[in-house]
Amino acid sequence: MSVSQVETDAKEDMRRLGIYELMLITAGIAMAFAVHRGLSVIRHVPDWAWRSAESAARINGTDVLVACVYGMSLSVYLLAIRSKPFWISPGKSLALLFATMCLLDWTLDFFASSTVALRFLVDPQAGNSNTAGYVLGIWYEQFSARLGYLFGLPVLILAIIQSRQQHLTWRMAWVGFLVFDLAIVAALNVDSIASFPRTVLNWYFEIAMGIPVVLLAIAFFRGMVKRELDWWTVLTCVPVFATWMVAIVMRSLGP
């Protein structure tokens with residue numbers, strides 16, 4: 001691709017956010033809420049057996065925000081793959097990361113929850129034994145996390161390698177997401193982490209997620225000062241900041 005073609009594509013990529021894009025993003029968020037609700041209904045069957053009815057029906061505010069981020073990221077990614085060049089925009093890279101997380105989370109969660117739910121349809125007394133809650137040797141509630149973070153590693157590494165045209169601060173943010181991913185994988189598979197102080201364990205996810213979010217905020221602030229931000233980046237970064245801050249507040253107010 002010639003230099004003039006790259007410049008032309010970059011200028012086209014900086015176009016303003018239009019009605020079509022807004023409609024697609026709104027539809028994506030609505031779809032994400034619908035999928036989240038559908039998965040909750042499927043999980044309700046095993047949750048009823050091994051948890052109280054109240055907890056099974058409870059709506060988690062953080063999960064709703066995550067569904068919003070998933071829906072927006074998936075919509076932005078679908079728009080981004082048709083807009084060249086892809087890797088010069090940090091927002092497109094971030095959309096790819098969260099769209100991957102979205103698809104992995106939904107697919108694995110659906111597989112585990114529907115598998116356990118089918119066991120209840122075949123044997124209504126399956127809840128009398130905890131063995132019915134395991135899928136491929138993993139408890140159904142942990143199935144998505146245990147496999148999703150592992151399956152997402154290749155995409156994170158791809159983003160780090162392919163984002164060479166982006167500023168160093170953005171590349172450090174992608175490295176931060178890799179560190180977060182590895183931290184969660186370690187928490188789920190390394191038994192010695194359970195010996196950490198209770199306070200650290202309670203805040204483990206928020207602390208680990210804070211690593212890429214803080215690095216992302218640094219890159220975002222630099223881009224804002226330099227006036228290098230495009231709407232792809234603003235749309236994907238702001239919800240991530242908001243979700244992390246809400247998670248911090250909810251953890252602080254929780255037991």
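Two helix pairs

α5 passes α6 in a right-handed crossing. Keep in mind that this is a predicted model.

Two packed helices are described by the angle between their axes and the distance between the axes. For this pair, helix α5 covers residues 90–122 and helix α6 covers residues 143–151; the angle is about 145° and the axes lie 9 Å apart. Which residues of α5 and α6 meet? On the α5 side they are Leu104, Asp105, Leu108, Asp109, Phe111 and Ala112. On the α6 side they are Phe143, Ser144, Leu147, Gly148 and Phe151. By type, that contact has seven nonpolar residues, two polar and two charged.

Now the second pair. Helix α10, residues 204–225, packs with helix α11, residues 231–253, at an angle of about 145°, and here the axes are 10 Å apart. The crossing of α10 past α11 is left-handed. Residues of α10 in the contact include Met209, Val213 and Phe220. From α11, the contact residues include Cys237, Phe241, Trp244 and Arg251. How many residues of this contact are nonpolar, polar and charged? There are 14 nonpolar, two polar and two charged.

Last, a closer look at α11. With 23 residues, α11 spans 33 Å from first C-alpha to last, close to the 33 Å expected at 1.5 Å a residue. Several of its residues are buried, among them Trp231, Trp232, Cys237, Pro239 and Phe241. Cys237 and Phe241 also belong to the contact with α10. An α-helix has 3.6 residues a turn, so residues three or four places apart point the same way.

How values were computed: Residues are numbered from 1 along each chain as its sequence is written. This is a predicted model: local features need pLDDT of at least 70, side-chain atom pairs count only at pLDDT 80 or more; totals for chains, interfaces and linings use all residues. Side-chain values use heavy atoms; hydrogens and water are left out. Axes are lines fitted to C-alpha atoms, for helices over the stretch in contact, and angles run from 0 to 180 degrees between N-to-C directions. Helices (H or I, at least four residues) and strands (E, at least two) are DSSP runs, numbered from the N terminus. A crossing is left-handed if the near helix is turned anticlockwise from the far one by less than a right angle, and right-handed if clockwise. Contact means heavy atoms within 4.5 Å. Ala, Val, Leu, Ile, Met, Phe, Trp, Tyr, Cys and Pro count as nonpolar, Asp, Glu, Lys and Arg as charged, and the others, Gly among them, as polar. The expected span of a helix is 1.5 Å times one less than its number of residues. Buried means under 20% relative accessible area, exposed over 50%, partly exposed in between (1.4 Å probe, protein chains only).
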